[in-house]
Amino acid sequence: MSFLTPFFLLGGLTVALPIVFHLVRRSSKEQIPFSSLMFLEPTPPRVTRRNRLEHLLLLVLRCLVIGLLALGFARPFLQKPMVTIPAGSAGRALVLLLDTSASMRRDGLWSACLAKADAVLRQTSPADQVAVFTFDRLVRPVVGFNQWSALGVADRAGLVSRQLAELKPGWGGTHLGSALVTAAEAFTEVDKRGQELAAHRIVLISDLQEGSRFELLQGYDWPRGIDVQVETVRPKRPTNAGLQWVTDLDDARLSEADAGPRLRISNSSNAQREQFQVRWGDAAGAVPLDVYVPPGQSRVVSAPRLPPGTSGERLVLTGDDDPFDDTVYVVAPKAEPVSVLFVGAAAEADPTQSLYYLERAFQPTRRQAVALRTWTASAPFSAAVLGGARLVIVTDRLPAAAAGAVGAYVGAGGTALFVLQSAALAETVGRVAGVQSLTAQEVAGTNYFMLGQVDFQHPLFAPFADPRYNDFTKIRFWKYRRLDAGSLPGARVLARFDSGDAALVEVPRAKGRLLVLTSGWQPADSQLALSSKFVPLLYAILDLAGGLKPPLTQVQVGDPVDLGEAVATAGSQGVLVRKPDGTEVRLAAGETHFAETEQPGIYTVAAVGPPVRFAVNLEARESRTAPLPADQLQRLGVPLKPPSPIAAPRLEQKRHLHDAELENQQKLWRWLTIGALVVLVAEMWLAGWLTHRAAPQSAMTT
Amino acid sequence: MSAATRLSETMDTRRDHPPGRGQAGALLDPQVLMAIKNLELRARVVVEGFWHGLHRSPCHGFSVEFTEYRQYSPGDDPRYLDWRLYARSDRYYVKKFEDETNLRCHLLVDNSRSMAYGSLGYTKAQYANTLAATLAYFLNLQGDAVGLLTFDEQIRAYLPARHRPGHLRHLMLDLEEPAAGTATDLARPLRRIVETVKKRALMVLISDLLAPLGALEKELGSLVACGHEVLLFQILDPAELTFSFDQAVMFRDVESGQQLFIDPATVRKDYLRKLNAHLAAARSVCRKLGIGYRQFATHRPLELALFDFLRERMQRGKTVPRRVR
C-alpha cells in the first residue's frame with residue numbers, strides 16, 4: 001500500500017492524546033475531603049493498574065479512531081505498475097537556440113545556459129526531433145534534424161551536450177530576430193519527412209538582453225504552430241557599464257585640443273556604481289580619467305591625454321562588474337594626402353584670381369589633406385607633372401603638347417576641370433576632348449546670369465538635391481563663354497544658365513572624364529567663389545575624381561572590412577591579415593572584403609607599403625544588458641509558452657499523476673472514514689455504558 | 001443512696017445503651033437535632049430534654065448538692081424561689097446566693113477547617129457549636145457567667161464571661177460564625193486565656209485536637225496552674241475514628257488543601273494506629289494535669305455530652321479539692 005499524502009500519517013502520533021487523557025483522568029477524578037491527612041501516607045499506585053485495565057477497551061477504540069482518520073487523510077491506495085507511453089507515439093520537433101553573443105560572457109551565464117540546454121536535451125523522448133543552433137550575429141547550426149536522427153537514441157542527448165560544452169560565447173551582437181526566423185524556417189526540414197509531430201517548439205536559451213536586435217521580426221509573418229519557450233539565464237550581477245568609441249565627423253578639422261578619441265560610457269539603469277575610470281591599457285604614464293555616470297545615463301568624454309611621444313590603441317574602463325565590454329580599441333585615422341594640380345596664373349595672394357579661392361577651399365581635414373600644386377601654362381609640361389594628381393584644374397590655354405598630356409591623363413582615368421576664364425581655352429578643351437576647332441564666344445550682358453537648370457541626378461549635384469540646398473539662384477554670373485556642348489562627344493550638360501547656355505558640361509573620355517565650367521569663380525566672372533555652394537561643389541568634383549576615401553566608419557565584430565585598395569596595390573602577392581590573437585589569414589584571390597572580424601582588437605593588413613591597421617570593437621548595443629521583457633517578443637507575434645519546470649524530473653511528475661489517479665479510483669479513504677465513524681459510535685456507546693454502570697456504584701458508596 | 005450516686009448510675013446506664021436502642025426515645029438523634037437551623041433553639045431543645053429526662057429520673061433534687069439549687073424549705077426567703085423552674089417542675093427550688101455559687105465558665109471552641117468535616121450530614125463544627133451552645137444555655141439558665149473564645153490558627157472571637165441579658169445571644173451569634181481557618185493552633189488561645197482571665201474559672205476546651213500536641217501540655221499546665229478548672233471535650237467524626245472508606249481515591253485535606261491518593265484498605269491499619277496513639281497522648285496529658293477529658297463522636301446524642309459534662313464536674317468535685325476563698 002502507498003500513500004498519496006504520507007505526511008498526514010504523522011497525525012497518527014496523536015494517539016498519545018487519549019492515553020494521556022486516560023492517565024490525567026485517573027489522577028484528577030473523585031476527590032474526598034478529609035479533616036486531616038496527618039495520619040495518612042500516600043498509597044503507591046497499585047490500584048491504578050486495575051483502573052487502566054478497566055478502560056483498556058475504551059482506550060483502544062479511541063486510538064483506533066485516530067489511527068483510522070490519520071490513515072484516511074494520508075490517502076492510501078494500492079500501487080499498480082505504471083503503464084509507460086509507447087515508443088511509437090508522436091514526438092515533438094524542437095529547435096534549441098543558444099545565445100552565444102558577447103553578453104553571454106558574463107559571469108556564470110554560459111554555464112547556466114549549458115545546464116539548461118542539457119536539461120532540455122535530457123527531457124526529450126526518443127520520438128522527438130531536435131536541432132541545435134547557436135546565434136549571435138549569425139546563426140550557426142550545431143546539430144541538424146538529420147544529424148540528430150542519425151545519432152543513437154540512447155546517448156544522443158549526452159553527445160550533443162558534450163558537443164555544446166566545447167563551445168564558447170563569441171564577441172558578436174545579439175541578432176535575436178534573425179535567429180528566431182532561421183529557427184522557425186528550420187522546421188521545414190523536418191516537416192518534409194511527413195512524420196507526425198505533436199508540436200513545433202523553439203527553446204530559446206538566452207540572457208534576453210535589452211540590446212538584442214529583433215527588428216527582423218517586425219516584418220515577418222510568424223508561421224502557425226510554432227511556439228517559443230524562453231529559458232532566461234540571469235547573471236549573478238545584473239548591472240553593467242559599457243565603453244564605446246564615438247566616431248568624429250570626417251570633415252572636422254584636426255586640432256591639438258581634441259586630438260584624442262572621444263568615448264561614450266553608458267551605465268545600466270539598475271547600476272549600483274556611478275564612479276568609473278577610463279585609462280589607456282597600453283600606454284604607460286597616462287593619467288586615468290575619472291568619470292561619473294549616474295545609473296541609466298551615459299557620458300561622452302575625451303580619452304585621457306597621452307604623454308608626449310607615446311601612443312595608445314587600447315582604452316579600458318574600470319569600476320564595472322562585467323569586463324566583457326570594458327575595452328575599446330582605437331586606431332587614429334590618418335589624413336589621406338590628395339594631390340590637385342592647378343594649371344594657370346599662379347598668383348596665390350591675388351583675390352582677383354582663381355587660385356586664391358581654391359587655396360582656401362581645400363583645407364586639411366581628418367579625412368584627407370589636399371596638396372595643391374600649381375603649374376603655369378607657359379612652363380614646359382610633361383606627363384610627370386601630372387603624376388599622382390587626382391584632379392587637374394586648368395584655367396589657361398595650354399600648348400598642344402601639354403594638352404596632349406592632359407588628354408592622356410584623362411584617358412587613363414583622370415579627371416580634369418577646365419574653367420573657361422577666357423574663350424581661348426576652348427581650343428585646349430577641344431584638343432583634350434578630341435574635337436577639332438572647338439570655339440567659345442564671350443557672353444556678357446548688362447544684367448547678370450543665374451543657373452537656370454541643374455541636373456540633380458548627377459553625382460556632382462546629388463548632395464544639393466535636398467530642397468534646403470537646391471537654390472542656386474543666389475549665384476550670379478556676370479559673364480560666361482558660350483560653348484557648343486553638342487559638338488563634344490558624349491557631353492552631358494549638368495547645369496545651364498538661365499539664358500539656356502551650358503554652364504557645366506561633363507565629357508567622358510575613355511576611363512576618365514573632363515568637366516568644363518564655362519565661367520570662372522573669380523569676382524570678375526561670377527560670385528560662385530563667394531557662394532556656399534562653392535566648396536561642396538569642389539569636394540564633389542574631387543570625390544568624383546576618386547580623390548576622397550569613403551567616410552570613416554567603425555568596424556564592429558562581424559562587419560566585413562573593405563580592403564580593395566590594399567588588394568589593388570598588393571597585386572598577385574595577396575593580402576595577409578593578422579588578427580589580434582596573432583593568427584594570420586590570407587585573403588583569397590579576387591576577394592576584396594575581409595569578413596573574419598570575429599574578435600575585438602587591432603587587425604593588421606600586410607601588403608605592399610606600410611601596413612594598414614584597423615580596430616574592431618564590440619557592438620555598442622551589446623552593453624545594454626538590462627533584461628528584456630519577454631512579452632516584447634509576444635508583441636511581435638511570437639507565441640510564447642511558459643517555461644516548463646526543467647529542474648523537476650518529468651518521470652517523477654508522471655508517477656505522481658499516476659498515483660493520484662489510482663487513489664482517485666480506489667478511494668480507500670472513504671472506507672477508512674466510515675470505519676472510524678463506526679468505531680467512534682462503538683466508543684461512545686461503551687463510554688456511556690461504563691458511565692452508567694459506574695454511577696450507581698458511586699451513589700451507593702457515598 | 002445520695003443523689004450524686006444515683007446520677008452516676010443513670011449516666012452509666014445511658015452510656016451502655018447507645019441512642020436508638022432501649023431508652024432511645026429519651027434521647028435526641030443528633031441528625032434530627034442538627035436539622036434545626038437555629039443554634040440557640042438547638043441548645044434549648046437539648047437542655048430542656050435534659051431537664052425533662054431529669055424530671056422523670058429518680059435523681060430529683062440532686063442539683064441542691066450539685067451547685068446552686070436547693071429545695072425550698074420553710075424559712076427560706078421566697079424571693080429566691082426559682083419560679084421558672086417551679087413552672088416547669090412544679091416544685092420549689094431556691095437559688096443560692098450568687099456569691100456563693102457563681103461559676104465563670106469559658107468555652108474555648110475550635111473553629112478551624114478540620115472541624116468543618118463531617119460524614120453524617122453535619123460537621124464536627126456544628127456538633128461542637130451545639131455542644132458549646134448547650135453548655136452556655138445550661139449555665140446561663142443556672143445564672144452562671146459564660147464566656148466564649150473561638151479560634152483556629154488564631155483567635156477569631158472572644159466574649160468575656162458574663163451573665164447579662166443579651167449576652168447569650170451574642171455568644172450564639174459568635175458560635176454561628178462559619179469555620180474559616182486553615183490550621184489549628186491550640187497553644188495560642190490557651191495562652192490568651194491565661195493572660196486575660198485572672199479569676200478562677202471553668203475552662204471547657206472543645207476541639208478535635210487534630211494538630212500536633214507539642215505545646216498543648218505546657219499551655220494546659222499553665223491554665224491549671226492558674227487555678228482554672230479545665231475540661232477537654234474532643235469531638236471526632238465516626239469516619240475519623242474508624243476510617244471506614246473503601247474506594248481508593250484522592251483525599252484532600254480540608255485545612256491545607258493537600259491531596260493524597262490513598263487506598264483505605266491499605267492504610268487503615270496504620271491510620272488507626274497513629275490516631276489511637278495521638279488520642280492516647282492527649283488523654284495522657286489530661287490525666288497528668290488532672291484535666292477532665294471526654295471524647296465525643298458526633299453521632300452521640302448531645303444530652304449524653306451534657307451528662308458527661310456534669311458528671312465530669314461532679315467527679316472533679318470529689319477528686320479535686322476546691323479552692324476555698
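**From one residue to the chain contact**

Guide: A:Ser149 counts as partly exposed because it has 14 C-beta neighbours inside 10 Å, where buried means that 20 or more other C-beta atoms lie within 10 Å of the residue's own, exposed means 12 or fewer, and partly exposed is in between, with C-beta atoms placed from the backbone. This is a predicted model, in which local features need pLDDT of at least 70 and side-chain atom pairs count only at pLDDT 80 or more, while totals for chains, interfaces and linings use all residues. Residues are numbered from 1 along each chain as its sequence is written, and chains are lettered from A and ligands numbered from 1 in the order in which they are written.

Visitor: Which helix does A:Ser149 lie in?

Guide: A:Ser149 belongs to helix α5 (residues 145–150) of chain A, helices being DSSP runs of H or I with at least four residues and strands DSSP runs of E with at least two, numbered from the N terminus. A:Ser149 is 22 residues from A:Ala127 in sequence, and their C-alpha atoms are 9.6 Å apart in space.

Visitor: And chain A overall, how many helices and strands?

Guide: Chain A has 16 helices and 33 strands, and of its 702 residues 34% are buried. Among its contacts between residues at least 6 apart in sequence, 74% join residues at least 24 apart, a contact being two residues whose C-beta atoms, placed from the backbone, lie within 7 Å.

Visitor: How do α4(A) and α6(A) cross?

Guide: The axes of helix α4 (residues 109–123) and helix α6 (residues 156–165), both of chain A, come within 9 Å and cross at roughly 165 degrees, the axes being lines fitted to C-alpha atoms over the stretch in contact and the angles running from 0 to 180 degrees between N-to-C directions. That makes α4(A) roughly antiparallel to α6(A), a label for angles over 145 degrees, whereas angles under 35 count as roughly parallel, 65 to 115 as roughly perpendicular and the rest as oblique. Among the residues making the contact are A:Leu114 and A:Leu121 of α4(A) and A:Val160 and A:Leu164 of α6(A).

Visitor: What about α9(B) and α10(B), how do their axes cross?

Guide: Helix α9 (residues 187–196) and helix α10 (residues 216–225) of chain B have axes that come within 9 Å and cross at roughly 20 degrees, and they are therefore roughly parallel to each other. Here B:Ala187, B:Leu190, B:Arg191, B:Ile193 and B:Val194 in α9(B) meet B:Leu216, B:Glu219, B:Leu220, B:Ser222 and B:Leu223 in α10(B).

Visitor: Switching to the two chains, how many residues does each give to the contact?

Guide: Chain A gives 16 residues and chain B gives 29 residues. On the side of chain A, the largest share, four residues, comes from strand β2 (residues 31–34).

Visitor: Which strand of chain B does β2(A) pair with?

Guide: β2(A) pairs with strand β8 (residues 249–253) of chain B in the parallel sense over four bridges, pairing requiring that DSSP finds at least two bridges between two strands. Within that pairing, A:Ile32 stands opposite B:Phe251.

Visitor: One last topic, the open sheet in chain A: what is its strand order?

Guide: The open sheet of eight strands has the order β17-β16-β18-β19-β25-β24-β23-β21, with mixed pairing. Its edge strands are β17 (368–375) and β21 (451–454), each of which pairs on one side only. Inside chain A, β23 (residues 492–497) and β24 (residues 502–509) run antiparallel and are joined by four bridges, with A:Arg496 opposite A:Ala502.
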